[in-house]
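Me: I am new to this structure. Please take me through its sheet and the parts around it, one step at a time.

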Amino acid sequence: MLVHKECEKNLAVIEEPFCKRCGKPLLEETEEYCESCREDRKKSELWDSGRCAFSYQGEIASAVLRMKQYGTKETIAFFAHQMVGLHMSYLLHLHPDCIVPVPLHPFKKRQRGFNQAELLAEAVSEAFPVYELPVRSLLKKTIRTAEQKTLSGAERKRNLAHAFRLEEACMDQLPSVVLLIDDVFTTGSTLAACAAVLKKQGVKQVGFLCACLSEGEL
């Protein structure tokens, strides 16, 4: 386990009420969507729904950094089990045909040695107890973009334009419902870019599940 059981209650779990579109916490139970999704509907409507397990702060933020740097199995397993356990009802409602990790550019993957989203996706697949939920690498990142953490929201969107492509070998076997997996949701630009490619190729519904939600820049 990542943390002692007595410490789990201190983790910043994202609880209801949260945005129906992106999973950000809401101030009022009567609200349906967060300010970001209301203001940028063109982006948020590229995916159909999504959830995040934790807020990016404290021990959770440290754990995410370890996951990004080292791909620690214990940390990956912790996040995967929490993501599935906290949002089981969401997963059952979405009923995805497969899990699709957000890809890294090949250079970045070689440099790091792994893609943490792929490791998370495999662990989420193993943790999901209801039916076999395969991991499929439907997407590839073909443009080596600037680091998102250095950019504003608008710059992030422009930075990712045309960065993702569908794997050619998958074009004849596309699922109807996809669950995207990534480690951190910040502005949603990466997930929106991935969802746009999938929707353009005929995927009917795209949801996402992330380990953490960051309200600021990473």
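Reply: Four strands make up an open sheet, in the order 1-6-5-2, and their pairing is parallel. Strand 1 (49–55) and strand 2 (98–101) are the edge strands; each has a single partner strand, so one side of each has no neighbour in the sheet. From one strand to the next, the twist averages 20°. Keep in mind that this is a predicted model.

Now look at one pair. Strand 5 (residues 177–185) and strand 6 (residues 205–213) run in the parallel sense and are joined over eight bridges. In this pair, Val177 stands opposite Gln205 of strand 6. As a general point, strands of a sheet pair through backbone hydrogen bonds, either parallel or antiparallel.

Helices come next. Helix 4 (residues 58–70) packs on the sheet. Helix 4 touches strand 1, strand 5 and strand 6, and its direction makes about 110° with that of strand 5. Helix 8 (residues 116–127) lies across strand 2, strand 5 and strand 6. Helix 8 runs at about 125° to strand 5.

Go now to the loop between helix 7 (106–112) and helix 8, where Asn115 lies. Is Asn115 buried or exposed? Its relative accessible area is 3%. The cut-off for buried is under 20%, so Asn115 counts as buried. Leaving aside neighbours within four places in sequence, Asn115 is in contact with Val102, Pro103, Leu104 and Lys109. A polar atom of the Asn115 side chain lies 3.0 Å from the backbone nitrogen of Ala117. Lys68 is 47 residues away from Asn115 along the chain, yet their C-alpha atoms are separated by 8.1 Å.

Two backbone details remain. Most residues other than glycine have a negative phi, and most peptide bonds are trans. His95 has a positive phi of about 50°, although it is not a glycine. His95 sits in the loop between helix 6 (88–94) and strand 2. With a relative accessible area of 44%, His95 is partly exposed. The other detail is a peptide bond: the one from Glu16 to Pro17 is cis, with omega near 5°. Pro17 lies in the loop between helix 1 (5–8) and helix 2 (35–39).

Technical notes
Residues numbered from 1 in each chain as written. Predicted model: local features only at pLDDT ≥ 70, side-chain atom pairs only at ≥ 80, totals over all residues. Heavy atoms only, no water. Pairing = 2+ DSSP bridges. Helix = DSSP H or I, 4+ residues; strand = E, 2+ residues; numbered from the N terminus. Axes fitted to C-alpha atoms, helices over the stretch in contact; angles between N-to-C directions. Contact = heavy atoms within 4.5 Å. Buried < 20%, exposed > 50% of the residue type's maximum accessible area, 1.4 Å probe, protein only. Polar contact = N/O pair within 3.5 Å; in protein donor to acceptor, adjacent residues only side chain to side chain.
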